[in-house]
Amino acid sequence: MKTVLITGSNGFVGRNLTASLAQRKDVKITGFDVDDDQATLSTLVAEADFIFHLAGVNRPQNVEEFTSGNTGLTQTIASLLQSQGKTTPLLISSSTQAAQDNPYGISKRAAENAVFAYGRQSGAMVYVYRLPNVFGKWCRPNYNSAVATFCNNIATDLPIQINDPNVTMNLVYIDDVVNSFIAALDGRAAVQDDFCQVQPVHTIKLGEIATLIRSFKASREDRSIPDMADPFTKKLYSTYLSYLPVDHFSYPLLMNVNERGSFTEFIKTPDRGQVSVNISKPNITKGDHWHHTKNEKFLVVSGQGMIRFRKVGGEEIIEYQVSGEKLEVVDIPTGYTHNISNTGESDLVTVMWCNELFDPDKPDTFFESVELSHE
């Protein structure tokens, strides 16, 4: 079993890394954070088989804290390893700002150099990540992440400030960062020009991020689902959900109710159609219509019922008995008039998928009874 030390273990990246490594049975995790006794660091370093050095300072009260919190702590860890005669692999989370000559960038670059020097002198494996903006769950809002701030404030109906919507952001998702870190632990780091890589890097304008997050909030009203085929949108939506207030996880749907039961739209998508929930009272039959191109799938999840079909122009009636006790999907082919009847004593609950959104101008729905009139 490997003993893994994570500095900055209570921070955004540290918490996510700890949660992922905790699922492994071959790893023992120790942590060190800003409030811990500095005297314990020497023992933790000595016991570690791999060190994730994630601790750092990016919002200090005075500029000197950049040097002590970024450069100084890294140099301390490297010195402890060398004085103990260790060749422990060391991974550091740096920043793309390390290429800049501002106080923060200078302190991060000096920390990188301390890690590289430890690697050269000891022969140990070292992994230096110059991370761009990282986003994902558990990131602190109103601190140093626009994504976290936007997600939190929009989810809680607070204002956001965008000075320049055309600013281009380069972002990596927390799960991709953690997966890359764990790959380094397992000896599979992706290295290019001395620096380890996290892929993919998502490039998007700040204003577009805000627009997307606002659309996530609006999706509860219009019952839409974001474009999950787009990797960035999928990750951003997951991030947004993590900032929902704890008393706002649920939201109501508009139920169209009458004496026959109810019909409620659940999810609507532009390219995958929509999902609805239909409830029929006992002895009620709904439907008796057919479609040219529109098609549906019915799934009865509670109650007893019968779905009947008749090909338009034909006379044969086809019957499918359905029940919540045996979940079966029934396809509704085009060109067949169809209905669904509640044959039980309780409500018949049916989940219905349709391949397209309802368009009142082109409903593609033609009413015709399944039962033939013999008058």
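## Where helix 5 meets helix 8

Val 147, Cys 151, Ile 154 and Ala 155 in helix 5 touch Leu 236, Thr 239 and Tyr 240 in helix 8. Sort the residues of this contact by type and you get six nonpolar, one polar and no charged. Keep in mind as you look around that this is a predicted model.

How do the two helices lie against each other? Helix 5 covers residues 146–155 and helix 8 covers residues 231–241; their axes come within 9 Å and cross at roughly 55°. An angle under 35 degrees would count as roughly parallel, and 65 to 115 as roughly perpendicular. Helix 5 and helix 8 are therefore oblique to each other, and their crossing is right-handed.

## Helix 7 joins in

Helix 7 (residues 206–222) packs against helix 8 too, at an angle of about 60° and with the axes 10 Å apart. That angle makes helix 7 oblique to helix 8. Here, too, the crossing is right-handed. On the helix 7 side, the contact uses Ile 209, Leu 212, Ile 213, Phe 216 and Lys 217, while helix 8 brings Phe 232, Thr 233, Leu 236, Tyr 237 and Tyr 240. By type, that contact splits into eight nonpolar residues, one polar and one charged.

What about helix 5 and helix 7? Their axes come within 10 Å and cross at roughly 30°, so helix 5 counts as roughly parallel to helix 7. Helix 5 passes helix 7 in a right-handed crossing. Ala 146, Val 147, Phe 150, Cys 151, Ile 154 and Ala 155 in helix 5 meet Leu 206, Ile 209, Ala 210, Ile 213, Arg 214 and Lys 217 in helix 7. This time the count is ten nonpolar, no polar and two charged.

## Strands in pairs

Now for the strands. Strands of a sheet pair through backbone hydrogen bonds, and they can do so either parallel or antiparallel. Strand 4 (residues 90–95) and strand 5 (residues 126–131) go for the parallel version, with six bridges between them. Find Ser 95 and you'll see it opposite Leu 131 in strand 5. Is strand 5 mostly covered or uncovered? It is mostly covered, with five of its six residues buried.

Strand 7 (residues 168–173) and strand 10 are antiparallel, paired over four bridges. Strand 10 (residues 202–205) has two faces: His 202 and Ile 204 are on the covered one, Thr 203 and Lys 205 on the uncovered one.

Follow the order 17-16-19-14-21 and you trace an open sheet of five strands with antiparallel pairing. Strand 17 (318–323) and strand 21 (366–367) sit at the edges with a single partner strand each, so one side of each has no neighbour in the sheet.

The partner of strand 17 is strand 16 (residues 304–311), and six bridges join this antiparallel pair. Among the details, Gly 305 has Val 322 in strand 17 as its bridge partner.

## A buried serine

Last stop: Ser 280, which belongs to strand 13 (residues 273–280). Why does Ser 280 count as buried? Its relative accessible area is 0%, and the cut-off for buried is under 20%. Which residues does Ser 280 touch? Leaving out those up to four places away in sequence, they are Arg 260, Lys 286, Asn 342, Asp 347 and Leu 348.

Definitions and conventions
Residues numbered from 1 in each chain as written. Predicted model: local features only at pLDDT ≥ 70, side-chain atom pairs only at ≥ 80, totals over all residues. Heavy atoms only, no water. Buried < 20%, exposed > 50% of the residue type's maximum accessible area, 1.4 Å probe, protein only. Pairing = 2+ DSSP bridges. Axes fitted to C-alpha atoms, helices over the stretch in contact; angles between N-to-C directions. Parallel < 35°, antiparallel > 145°, perpendicular 65-115°, else oblique. Left-handed = near helix turned anticlockwise from the far one by under 90°. Contact = heavy atoms within 4.5 Å. Nonpolar A, V, L, I, M, F, W, Y, C, P; charged D, E, K, R; others polar.
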